[in-house]
Amino acid sequence: MSDTTATAAPPSDERLAYRGVFQRLFIRPEIGAMIGAVGIWVFFWAVSIPFGTANGASGILDTASILGIMAVAVSVLMVGGEFDLSSGANTGAMGMLVILLSKEAGEFGGAGLTLWVAVPLSLVVALGIGFFNGWMVERTKLPSFIVTLGTFFVLRGAKLGFSKLIVDQIQVGDIRDAHGYDFWYAIFASEWDRTTHQLEARDAIYTVAVLGGIALIVLALYEMQFERRRDAMKSAGMIEFAIGLGVTVAGIVTLHVTDDIAGNVLGAAIIAVGSLVGLHGYATWRFEPIHDRGSLVLAPDVLRLIGIGVGSLVLAYLAAIIWDSDNADNFFFPFTYQGFRATLMMVFGGAGFTVLAVAANRARRDGHLARSAIGLLMGLLTAVVAFVVRAQSESVKFRAEAFSVLLAIALMIVVWAVLGSLFEERIRTNARADKLGGRLIAGGLVMIAIGMFFKLMFTIQAEIDADIAPAKFSMRNFWFIVFTVVMVWVLGNTRFGSWTFAVGGNKEAARQVGVPAARTKTQLFMLVSGAAWLVGMLLAFRLNTIQANTGNGLEFDYIIAAVVGGTLLTGGYGTALGGAIGALIVAMGTLGIPFARWNSDWRFLFLGVILLLAVVANRSIRTRAESLRR
Amino acid sequence: MAESHLLELDDISKYYGNIIALKGVSTSVNAGEVTCVLGDNGAGKSTFIKTLAGVHQQSEGTIRMNGEEVTFDSPRDALDHGIATVYQDLAMVPLMSVWRNFFLGAEPTKGFGPFTWIDKAKAKQIAKDEMAKMGIDIRDTEQPVGTLSGGERQSVAIARAGYFGAKVLILDEPTSALGVKQSGVVLKRIVEARNAGLAVIFITHNPRHAYPVGNRFLILNRGHSMGSFAKHEISIDELTQLMAGGAELQALEHELEAAGTISHDDLTTPD
């Protein structure tokens, strides 16, 4: 049949536009949540005093862990296309069950089992509840919303009924007296007290790890952005790179040891020169230089955008100067002065920078120089903000932390702008460079995490002398991290993970190719109730007593965290990591509101707004997920 | 034809209660041949393939594979006998990547005991190679299937069936939702699958797609078989007429021709 061989598949590459490094990074489902988490963190950091301290961080992590274990499990379930409304009540039910099983029969009417039996037995019961949920959903073909709503009421009623029946109270305790308590307490609730662990090298480790991590990420972005040299690598650049690195380190040391404006300016200038030289050397070594840089003439529409952007930034400065106050009791309803100022700065500053970024993007068509000029302007403006904050702010926190962060951002923008006009951007895919970039980013994130770990876990003599608020980290943080890592791996690398995506994305299709859809869904429900068991244990051993209403209503927080984390409400797309980040956001809101001295009733308003934003974002996530490669 | 065929259907009937969906259909399927099943809407094509794919069982008649009588209790059972079905709506998950879809339900794993994980590198490589054999150069097997064109998706499904050792490939209306060029791509895949030694059952209501690639034609109309013909026994015009129950279409055709809407050439094979 030669007549049908004439039509060959056309080469499709030509229809696929090349995507820049930021576009490629931004199609991951959890990116939106990460940006949101950083934005919310910055906001609460600016408006409240405990935020950004080890004490505040331990509180947030504590709340986020309990929420996050469930949010991660619920995210995976939602990827599989189902909901579990009984998950919240289930956590309290499991905590109550383990106490009732282990109580002496004479005292409270409990079963009097050793914890060595009671803990595993409650896990079996939890998995049974999950199995029942899955079996009911599969057998009845009803929406899981309805089925698990039923289970929710059963659990809620059982908790209240049994606690009244057995102990005639609406709470049960104490687990402390049970046999085997010490061992299981160590597993589920032992604590690490930061104030008793002193490590004088902490800040050095922190600084090196975080700066090193940032450097790796910057290099990764360059690897993914620029075209590799077409001829051989130019090793002369390596020497320049090394010199620049040395100068930068010297600048950081200068910045660190000086405390006056002049010294800071000097340090910043040395860092700027050092990093420009260093990255220029790195780029000379590896990337293809540009020969045609274009002209510096800016089009009228670009100039207009620059005007709007700069105007917006001026407003941000004015806000920063006018409402400067370190006094958290100065209320400017509903914010403190700090909060009001931070809000205005974030709104005007964010708008200004967005407009400038749009202008830079438009200027690209006029040539590399035009775009770089706008980038340079953005970087210099950021540096000005940094020094305004440094000189004007009465708040020590602003003066030290905001100054260095803003300065670092200014520096990155300047260097990016300068190199953007000197080296060629990549316009086609390069799998090897992307792989290297991905590894560098992963390495950078690990280094930053290590730095944060040391900063959070250890104290130094100066802090002990200053008598700062103590911070405690408990096993629940550990289990949260372990559970998240395991679920990320399971979802991405195992058959069960693949099948979860399949049954959530297109159940009929999955079944047709031989995926055991009913079994996979049942296992997903069992996963969620297993997580509820873990949270129940964490609660029981921490609190010693469990209320009959513990966990009721929290199932919506889990779903909110999952959706905020980029999981589709319709199933088939999402990540476990997104659920964990979503839990951090919800926890930051839950604690940040009282930290900022607002009434904690505002929490629900916060959750509602966050959920609405996330649901709107959800739609675009779906469109992007369907149209772009991951 | 005394020798045993790869798949032989003898007097297959299917009733849903008192509704006769299929009555007395017989045909044979050979390796390296394309058997086209043609029929208008409601002719019983879906019932026919669902019987072959094991979705439901025939009420009467026998199915023989290599001369031995078989019954397919479930889709899995049919699959185990080497009968793979590519449905019209495609058994694919649009949000999942090409390689995950390719291996869905049969992922190659590494590790041991409870700690097994998908051998991603191997799966991606095989998916890429198998697609290349079909003449499709996949840019990146990480691409979600939803980004592929309709023809490419059909090709992934066909490549998958071939890789997993299908002997009989059933294609349910693979060209019905496609444009002219994409249909051409899919027809080319059908020929390639046939040349690779598979027996292909190609279900369509478009004789112009069926005739160029088919070796044998089974025509259904209102649940009844209008006959099973080898290619040399039938012309495309006869095929078209039989599909619509003969006389009715002929009358319509005359009317249209009289009105000058179509010429006779419109109904012949394009080159």
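## Hairpin in chain B

Strand β7 (residues 109-112) of chain B pairs with strand β8 (residues 115-118) of chain B in the antiparallel sense, over four bridges. Pairing needs at least two DSSP bridges; strands are DSSP runs of E, at least two residues, and helices runs of H or I, at least four, numbered from the N terminus. B:G111 stands opposite B:T116 in β8(B). Two residues separate β7(B) and β8(B) in this hairpin. In the turn, B:G113 has a positive phi of about 60°.

## Model and numbering

This is a predicted model: local features need pLDDT of at least 70, side-chain atom pairs count only at pLDDT 80 or more, and totals for chains, interfaces and linings use all residues. Residues are numbered from 1 along each chain as its sequence is written, while chains are lettered from A and ligands numbered from 1 in the order in which they are written.

Helix α18 (residues 475-493) and helix α19 (residues 495-505) of chain A have axes that come within 5 Å and cross at roughly 75°. Axes are lines fitted to C-alpha atoms over the stretch in contact, with angles from 0 to 180 degrees between N-to-C directions. α18(A) is therefore roughly perpendicular to α19(A) (65 to 115 degrees; under 35 is roughly parallel, over 145 roughly antiparallel, the rest oblique). A:V490, A:L491, A:G492 and A:N493 of α18(A) contact A:F496, A:G497 and A:T500 of α19(A) (C-beta atoms, placed from the backbone, within 7 Å).

Helix α4 (residues 87-102) and helix α21 (residues 517-543) of chain A come within 7 Å, axis to axis, and cross at roughly 55°. α4(A) is therefore oblique to α21(A).

Conventions: Two residues are in contact if their C-beta atoms, placed from the backbone, lie within 7 Å.
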